[in-house]
Amino acid sequence: MNHYYLLGRSGLRVSRLALGTMNFGTGGWHAAYGKTEEESEPIFRRYVESGGNFIDTADFYTAGESERILGRLIARAGNRDRLVLTSKYTNSVDPSDPNASGNGRKHMIRAVEASLKRLGTDHLDLYLLHTWDRITPVEEVVRTFDDLVRAGKIRYAGLSDVPAWYAARAQSYAEAHALTPMVTLQLPYGLTMRDVEHEYAPMAQNLGIGLTAWSPLGGGILTGKYQRAGQGVVGEGRLGDPGVAAPKIDDNTWRIVGALEEVAEGLGRPMAQVALNWVVTQPGVASAVAGASSEKQLAGNLAALDFEIPADARRRLDEASAPRTPQLYSMFTPEYQAMVVSPGLSIGDKPAGYAPPVLNGAGS
Ligand SMILES: NC(=O)c1ccc[n+]([C@@H]2O[C@H](COP(=O)([O-])OP(=O)(O)OC[C@H]3O[C@@H](n4cnc5c(N)ncnc54)[C@H](OP(=O)(O)O)[C@@H]3O)[C@@H](O)[C@H]2O)c1
């Protein structure tokens, strides 16, 4: 699994398959499908022993247990320096304290200190704002990231689950003031969730931000192990558990699952591998942050980049999963653009150094 990629416009090399550890631990919001330390260890071990270096957690996962477990697993494996250890902050850690939540400077500094303690390390390689709080000025967030880099608490900074305009503003502000840039944007992306392609992917490519795709298997629906049961699903896994908040699974989702099944069968590959391969090789994507509930699941998924999806199979997947194009964006397609730009004018006519806007679906 020695596929590494530079994360955004940076010198940081990350595995193209990151290990999501939202299910390490049995506390908090993710308790229903959480794994104990004993169950998590073989997953972690298999990942790092296969060459993986990109580990994703957050202070909020399993109420801090994910970070605590990871800290102990890393200490036992003795591989801290090899890892690109990533955590996130935002969620409230004390509902009675208004400054113990959100994106503000006070919470961010407290949150990073708490994460470092739980992880048993003195720095994070990558630190992300987890979710936009709709309040804190973007300048405050970028400045604080920069302070944390200078203080040696974090090496790189990024964002997750923010509006595209917010990410663009953060990156432009950082550039204008020579502050720490955003090297990644972690977003929901996969065959069943392609909304990010309209605005985020071209933005990321133009602004030097590497996309990281979360829940690239749709929480498991793209592994093919579930069957339709009325409005819900049956099958061995968390989506079959009525106690788990599951993503929306509608007729369109089943159509995508059907196409994936067909393509995977034709390629002689498990559906999960094809789904992961597809998203990792989409324009602007640096890595997919996938979870696993067992070493066996992970082992299969780690082979996801050992093959290429042939063009015709890719077209079948693209068409079956195509997101609806919002009205405005239909004006940025090559067909419409033929009316906007003189036919004789090509990108080659631009002065050297001009970075053309990347259209949705253009190559990576
Ligand atoms: N930034 C954010 O807001 C955000 C949000 C969500 C997640 N994340 C990150 O993304 C990571 C992945 O998220 P996720 O777990 O929701 O999504 P996922 O990677 O789409 O789904 C992972 C789940 O699918 C099932 N699975 C995986 N491989 C399988 C295989 N080969 N065969 C059968 N089942 C398989 C397992 O669940 P079962 O065994 O239960 O079926 C596994 O836990 C998280 O750990 C976290 O790091 C970030």
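Reply: What follows is a set of questions on a predicted model, each answered by setting a value against its cut-off.

Me: How do you know how confident the predictor is in this protein?

Reply: The mean pLDDT of the protein is 92, and 94% of its residues reach 70 or more, on a scale that runs from 0 to 100. Residues 360-364 stay under 50, and for them the model has 10 contacts beyond four places in sequence.

Me: Why is valine 196 called buried?

Reply: Buried means under 20% relative accessible area, and valine 196, at 5%, therefore counts as buried. This valine is found in helix α6, residues 196-207, and, leaving aside its neighbours within four places in sequence, valine 196 is in contact with Leu187, Pro188, Tyr189 and Ala201.

Me: What makes the span of helix α5 close to the expected one?

Reply: Helix α5, residues 164-176, has 13 residues, and the expected span is 1.5 Å times one less than the number of residues. That expectation comes to 18 Å, and the helix reaches 18 Å from its first C-alpha to its last, so the two values are close.

Me: Which residues of α5 are buried, and what covers them?

Reply: The buried residues of α5 are Ala164, Tyr166, Ala167, Ala170, Gln171, Tyr173 and Ala174. What covers them includes the strands β6 (124-129), β7 (154-160) and β8 (182-188), together with the helices α4 (138-150) and α6. Just after α5, alanine 178 takes a positive phi of about 50 degrees.

Me: Why is β7 described as largely enclosed?

Reply: Five of the seven residues of β7 are buried, so the strand is largely enclosed by the rest of the structure.

Me: Which residues touch the most other members of the largest nonpolar core?

Reply: Of the 98 residues in that core, Tyr127, Phe145, Leu159 and Leu185 touch the most other members. The largest share of the core, eight residues, comes from helix α8, residues 271-280. Leaving aside neighbours within four places in sequence, tyrosine 127 has contacts that include Met108, Val112, Phe145, Leu148 and Ile154. In soluble globular proteins, nonpolar side chains tend to be buried together.

Me: Threonine 62 and arginine 134 each have a positive phi without being a glycine; is each of them buried or exposed?

Reply: Threonine 62, with a phi of about 45 degrees, lies in the loop between β4 (54-56) and α2 (65-77); its relative accessibility is 0%, under the 20% cut-off, so threonine 62 counts as buried. Arginine 134, with a phi of about 65 degrees, lies in the loop between β6 and α4; its relative accessible area is 69%, and exposed means over 50%, so arginine 134 is exposed.

Me: What makes threonine 86 a buried residue?

Reply: Threonine 86 lies in strand β5, residues 84-89, and has a relative accessible area of 1%, which is under 20%, so threonine 86 is buried. Not counting residues up to four places away in sequence, threonine 86 touches Phe54, Ile55, Asp56, Thr57, Leu126 and Leu128.

Methods
Residues are numbered from 1 along each chain as its sequence is written. This is a predicted model: local features need pLDDT of at least 70, side-chain atom pairs count only at pLDDT 80 or more; totals for chains, interfaces and linings use all residues. Side-chain values use heavy atoms; hydrogens and water are left out. Helices (H or I, at least four residues) and strands (E, at least two) are DSSP runs, numbered from the N terminus. Buried means under 20% relative accessible area, exposed over 50%, partly exposed in between (1.4 Å probe, protein chains only). Contact means heavy atoms within 4.5 Å. pLDDT is the predictor's confidence in each residue, from 0 to 100. A nonpolar core is a set of buried Ala, Val, Leu, Ile, Met, Phe, Trp, Tyr and Cys residues joined through side-chain atoms within 4.5 Å.
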